[in-house]
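Reader: I have a chain open on my screen and would like to talk it through with you before I set anything up. Could we go from the overall layout down to single residues?

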Amino acid sequence: MFKAILIEKDDAGYRASLKELTDAELPEGDVTVSVSHSTLNYKDGLAISGRSPVVRKFPMVPGIDLVGTVESSQHPNFKAGDAVLLNGWGVGETHWGGLAQKARLRGDWLIPLPKAFSPQQAMAIGTAGYTAMLCILALERQGITPDQGEVLVTGAAGGVGSVAIAVLAKLGYSVVAVSGRLEERDFLTHLGAKEILDRAEFSSPGKPLARERWAAAIDVVGSQTLVNVCASMRYRGVVTACGLAGGMDFPATVAPFILRGITLVGIDSVMCPREDRLIAWQRLAQDLDPNKLALITQEIPLADAIATAEKLLNGQVRGRVVVDLN
Ligand code: NDP
């Protein structure tokens, strides 16, 4: 028997609860992992609450991230005892995920746990942190360097935002944070933000072109915020879009694109190719200060995951949540 969060949907409705499951119930896969830690990302909050149709098959164990030790493997790259890490690939959406003490997965989805990180640290980073790194790699690919000017990070006190600020600051960027939680000013400053702006400044419809300010931006909010970020980019500025915390819509004009030559880069972590994942994790090992990571992380037991998921969706969780499955 092992403990898991199970999401069910039937005539009685949509619900998530803590259950005891058996190995025989695990889905198909060529690697069985004893999971030590998982996390709560925004998407896990959506899955657990049922607020968005993240879960595609029922019953489902949520959890888009996990770290653990291989129990048994038919995959050539992995053997019993290996420490492994998983982010995305539809796990926790279409295949049972990490919020369980055991998982059976496709070995092709796994990467070795990077030596630089403990299991807790890897989950403190999780999909949110690895996505923040994908955003920074995309900015670099577009030629952005610290000397070009300020970089804006929205959803700053959340998971993607807080890791993005810590890494950008370590790389020497001048980071401006946008947050709805101005009481987190000290936290954001400590992570490396040199200025904090109220998210209310970005959430109402603005002009198609605003004052040129940002050389680059990492947006997790979408909707009107992303529109206003695009409108205030400097000539040839670069914006990465990875999130929809403020909404899925994008009520923009083409003005910043055709008059200022800005670039909007979409970021997807779920189906991101293995080679890019390995690069992102290697760069996190190099460019994320472990002390900052500790600052942004809180750890909870599996029994608290459902209540914490609700808080996360309500914007009441700061930084990252690690779920201890031991
Ligand atoms: P978190 O909940 O940790 O952070 C989101 C932050 O956004 C909040 O902390 C809050 O920051 C801000 N926010 C929340 N609601 C609103 C709102 N209504 N309007 C404006 N700002 C808001 O989530 P994550 O960091 O894990 O994820 C952020 C987004 O990125 C999510 O939409 C998630 O789905 C997406 N994502 C996408 C990935 C991809 O592959 N494309 C991978 C990972 C995440 P503050 O309080 O500072 O304002």
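Reader: To begin with, which domains does the domain assignment of the chain give?
Author: This is a predicted model, and the domain assignment divides the chain into domain 1, made of 2–113 + 294–324, and domain 2, which covers 127–266. Taken over C-alpha atoms, the centres of domain 1 and domain 2 are separated by 29 Å.

Reader: And how many residues of domain 1 are in contact with domain 2?
Author: Twelve residues of domain 1 are in contact with twelve residues of domain 2. On the side of domain 1 that touches domain 2, the residues divide into four nonpolar, five polar and three charged.

Reader: Let me turn to the ligand; which residues come nearest to it?
Author: The ligand has 31 residues around it, of which Gly-155, Ala-157, Gly-158, Ser-179 and Gly-243 come nearest. By class, the shell around the ligand holds 13 nonpolar, 14 polar and four charged residues.

Reader: Which helices supply at least two residues of that shell, and which domains does it draw on?
Author: Among the helices, α1 (42–49), α2 (119–141) and α3 each supply at least two residues of the shell, and the shell draws at least three residues from each of domain 1 and domain 2.

Reader: Staying with α3 for a moment, what is its span, and how does that sit with the expected value?
Author: Helix α3 runs over residues 159–170, twelve residues in total, and it reaches 17 Å from its first C-alpha to its last, which is close to the 16 Å expected at 1.5 Å a residue. The helix is followed by Gly-172, whose phi is positive, near 95°.

Reader: Is α3 largely enclosed or largely exposed?
Author: Eleven of the twelve residues of α3 are buried, so the helix is largely enclosed by the rest of the structure. The buried residues include Val-160, Val-163, Ala-164, Ile-165 and Leu-168.

Reader: What does Ile-165 touch, then?
Author: Leaving out residues up to four places away in sequence, Ile-165 touches Val-153, Ala-156, Val-175, Ala-177, Leu-188, Leu-191, Gly-192 and Ala-193. Ile-165 also belongs to the largest nonpolar core, which has 107 residues, and it is one of those that touch the most other members, together with Ile-5, Val-151, Val-153, Ala-164, Val-175 and Ala-177.

Reader: Which element gives the largest share of this core, and why does the core lie between the domains?
Author: The largest share, 13 residues, comes from α2. Domain 1 and domain 2 both give residues to this core, so it lies between them.

Reader: What about Val-178, is it buried or exposed?
Author: Val-178 lies in strand β9, residues 175–179, and it is buried, with 29 other C-beta atoms within 10 Å. Its contacts, not counting residues up to four places away in sequence, are Leu-152, Val-153, Thr-154, Ala-156, Leu-197, Arg-199 and Phe-202.

Reader: Changing topic to backbone geometry, where is there a cis peptide bond?
Author: A cis peptide bond joins Phe-58 and Pro-59, with omega about -10°, and Pro-59 is found in the loop between α1 and β4 (65–73). For context, most peptide bonds are trans, and most residues other than glycine have a negative phi.

Reader: So which residues other than glycine have a positive phi?
Author: Trp-89 is one of them, with phi near 60°, and Ser-223 is another, with phi near 50°. Trp-89 has its place in the loop between β5 (83–87) and β6 (102–105), and it is buried, with 22 other C-beta atoms within 10 Å. Ser-223, in helix α6 (residues 223–231), also counts as buried, having 20 C-beta neighbours inside 10 Å.

Reader: What do the buried residues of α6 pack against?
Author: They pack against β8 (151–153), α5 (200–203), β11 (214–219), β12 (233–241), α7 (255–260) and β13 (263–266). Eight of the nine residues of α6 are buried, so this helix is largely enclosed by the rest of the structure.

Reader: Last one: where is Asp-30, and what is it in contact with?
Author: Asp-30 has its place in the loop between β2 (13–21) and β3 (31–40), and with 16 C-beta neighbours inside 10 Å it counts as partly exposed. Apart from its neighbours within four places in sequence, Asp-30 is in contact with Ser-73, Gln-74, His-75, Arg-106 and Gly-107.

Key:
Residues numbered from 1 in each chain as written. Predicted model: local features only at pLDDT ≥ 70, side-chain atom pairs only at ≥ 80, totals over all residues. Helix = DSSP H or I, 4+ residues; strand = E, 2+ residues; numbered from the N terminus. Expected span 1.5 Å × (residues − 1). Near = placed C-beta within 6 Å. Nonpolar A, V, L, I, M, F, W, Y, C, P; charged D, E, K, R; others polar. Domains from an automatic or database assignment. Contact = placed C-beta atoms within 7 Å. Core = buried A, V, L, I, M, F, W, Y, C linked by C-beta atoms within 7 Å.
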